[in-house]
Structure formats: C-alpha cells, structure tokens
Amino acid sequence: MLQNVIIGQYVSASSLLHRLDPRSKLISVFILVFIIFLANNWLANGIIILFTLTMVLLSRVPLLFIYKGTKPILWLVLFTFILHLFMTREGNIIYSLGFITIYEEGVKQGIFIAIRFITIIMLTSLVTLTTKPIDLTDGLEMILNPLKKVGLPAHELALMMSIALRFIPTLMQETEKIMKAQMARGVDFTTGPWGKRIKALLPLLIPLFISAFKRAEDLALAMEARGYRGGEGRSKFRLLQWQRQDTVAVIACISFGMTIVVIRYM
C-alpha cells in the first residue's frame with residue numbers, strides 16, 4: 001500500500017495541465033481549495049466532483065494510479081464520515097436504535113466532508129503529478145518573492161517545501177523495504193490485535209530515522225559540493241514563461257469559484 005502514495009510523485013505525460021506554468025497551477029489550486037470549503041449543497045458539491053474528474057482526465061494521469069494513491073486515505077475519510085454521522089444532531093431522525101440516533105443533517109454533513117477530503121487531495125496531488133520538482137520549486141519561489149521585502153527567505157522556503165514533497169515517496173519506499181525485510185525475519189504486521197500490530201511497527205522507526213538522516217546528509221554534502229550557498233546571486237538556466245493559457249486557467253478557476261458562491265446563496 002505504501003508504494004501507492006501519490007503525494008510528491010511526478011508522472012510524465014503530454015497534457016494541458018503538464019504544459020501550464022507551475023505558478024498558475026499553484027494559484028489555481030489555492031483558489032480551488034478555498035472554493036471547495038464554500039460548497040454547502042448537493043448541486044455545488046456535484047459540480048465540484050465533476051470539475052475534479054475533468055481535471056483528472058485532462059491531466060492524462062491513469063485513473064487507476066490515482067485511485068490506488070487515494071486508497072490509503074479512505075479510512076480517514078470513512079472515520080470522518082462516521083464521526084459526523086453520530087455527532088451531528090440536527091434535522092429529521094433517519095434511524096434510531098437505543099443510544100444510536102442518526103440524523104438527516106449528520107448524513108449530509110458526513111458526505112460533504114468526505115467529498116471535500118477526496119477532492120482536495122486529488123486536486124493538490126495533480127499539482128505534483130503534473131509538475132517537475134524543479135519547476136515546482138521555481139514557481140513557488142517566484143510566488144513568494146514579494147515577501148522578501150518583509151524578510152521571508154523565499155528561495156530557501158521553496159527549496160525546503162519541494163525537498164519535503166520529493167522525499168515523501170522516497171521515505172515510503174524505504175519503509176516498504178524495511179517492512180519486507182522484517183517480515184522475512186518473521187515479524188507479522190497484518191494479523192493479531194491492533195495493539196500488537198502497532199507495537200510491531202515501532203521497530204521500523206529506528207532504521208527509518210537512520211535512513212532519513214543518512215539521505216539528508218548525502219543531499220547536504222551534494223549541495224555543498226556543487227557550491228550551493230542559498231538564493232542570493234543565483235541565476236536560472238530555465239526561466240518560467242507565463243502564457244495565455246495560464247491566464248485562462250486562473251480566470252477559469254476564479255469564474256468557477258464565483259459560480260459556487262452564487263449556488264451557495266441560491
């Protein structure tokens with residue numbers, strides 16, 4: 001399951017989303033995340049689902065790949081749904097048995113929260129799936145550049161965020177290797193009580209931390225060997241080009257947001 005994590009991975013393809021400037025994708029996904037939280041009825045959430053599926057199709061990333069990547073979070077989505085199902089006590093009673101009472105508003109809010117979780121994860125994952133790590137770093141740095149006037153180290157912050165995203169799949173693969181090595185030595189991670197399973201996972205932490213620090217040290221040495229001294233005075237071999245399609249993409253997201261706002265207050 002760990003090898004299916006899609007956060008931080010890049011899938012090479014020739015699609016409209018791949019050709020967009022990383023700045024337009026970052027701005028658009030920020031707008032879309034804000035829009036998703038504005039949806040408060042069935043029509044708005046239905047449109048958001050349709051829009052998300054359209055973006056997935058435009059990205060040309062295999063649907064099966066995205067589905068496998070979202071499977072690890074389904075338990076969290078299910079837990080959130082159940083939490084709203086039993087904690088929300090508004091609207092008409094749908095089912096009641098003893099101390100268990102399910103209200104209409106609880107079902108509604110649970111479904112809406114589940115839709116928000118899944119669509120946000122899919123849309124944000126599309127940014128990394130369709131953008132090279134180096135382009136994502138450059139785009140994020142250029143967006144943060146105006147904040148340099150207040151002392152924010154834009155280059156260093158963008159670099160840290162991009163390295164963190166890039167290391168997520170790497171650490172997941174390392175965890176998978178350690179688990180397989182320990183399973184070959186007789187450790188059981190899949191059967192028994194949950195307490196026993198969690199206790200069996202604890203020995204993974206020490207080799208995983210050692211591996212993570214080793215990779216971080218290797219990366220630091222490689223950067224020093226190549227003369228990296230921060231963002232001051234650095235030039236760029238490839239410059240980002242904002243094109244008309246990027247403007248259209250941002251305007252489309254803003255228009256989509258205005259549509260959701262209108263539907264919200266209908």
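## Terms and basis

Helices (H or I, at least four residues) and strands (E, at least two) are DSSP runs, numbered from the N terminus. This is a predicted model, in which local features need pLDDT of at least 70 and side-chain atom pairs count only at pLDDT 80 or more, while totals for chains, interfaces and linings use all residues. Residues are numbered from 1 along each chain as its sequence is written, and side-chain values use heavy atoms, with hydrogens and water left out.

## Nonpolar surface patch

Leu76, Phe79, Leu83, Met87 and Phe117 make a nonpolar surface patch of about 510 Å². Patches take residues with over 30% relative accessible area and no salt bridge; like charges are joined within 9 Å, and nonpolar side chains (Val, Leu, Ile, Met, Phe, Trp, Tyr) within 5 Å. Accessible areas come from the Shrake-Rupley method with a 1.4 Å probe, and for residues only the protein chains shown count as cover.

Helix H5 (residues 74-87) gives the most to this patch, with four residues. Leu76 is in helix H5 and counts as partly exposed because its relative accessibility is 46%. Here buried means under 20% relative accessible area, exposed over 50%, and partly exposed in between (1.4 Å probe, protein chains only).

## Arg60 in a loop

The loop between helix H3 (42-59) and helix H4 (63-70) contains Arg60. Arg60 has a positive phi of about 60° although it is not a glycine. With 58% relative accessibility, Arg60 counts as exposed.

## Salt bridges

Side chains of opposite charge can pair when their charged atoms come close. A salt bridge is counted when a side-chain nitrogen of Lys or Arg is within 4 Å of a carboxyl oxygen of Asp or Glu. The count by this rule is three salt bridges.

One of them joins Arg23 and Asp21, with the closest N and O atoms 2.9 Å apart. Arg23 is buried at 14% relative accessibility, and Asp21 is buried at 4%. Another salt bridge is formed by the side chains of Glu174 and Arg215 (3.1 Å, N to O). Glu174 lies in helix H8 (residues 154-184) and Arg215 in helix H10 (residues 205-225), so this pair ties together parts that are 41 residues apart in sequence. Glu174 is buried at 16% relative accessibility, whereas Arg215 is partly exposed at 31%.

Asp218 and Lys214 also meet through their side chains in a salt bridge (3.1 Å, N to O). Both residues lie in helix H10, four residues apart, about one turn of the helix. Asp218 is partly exposed, with a relative accessible area of 38%, and Lys214 is partly exposed at 45%.
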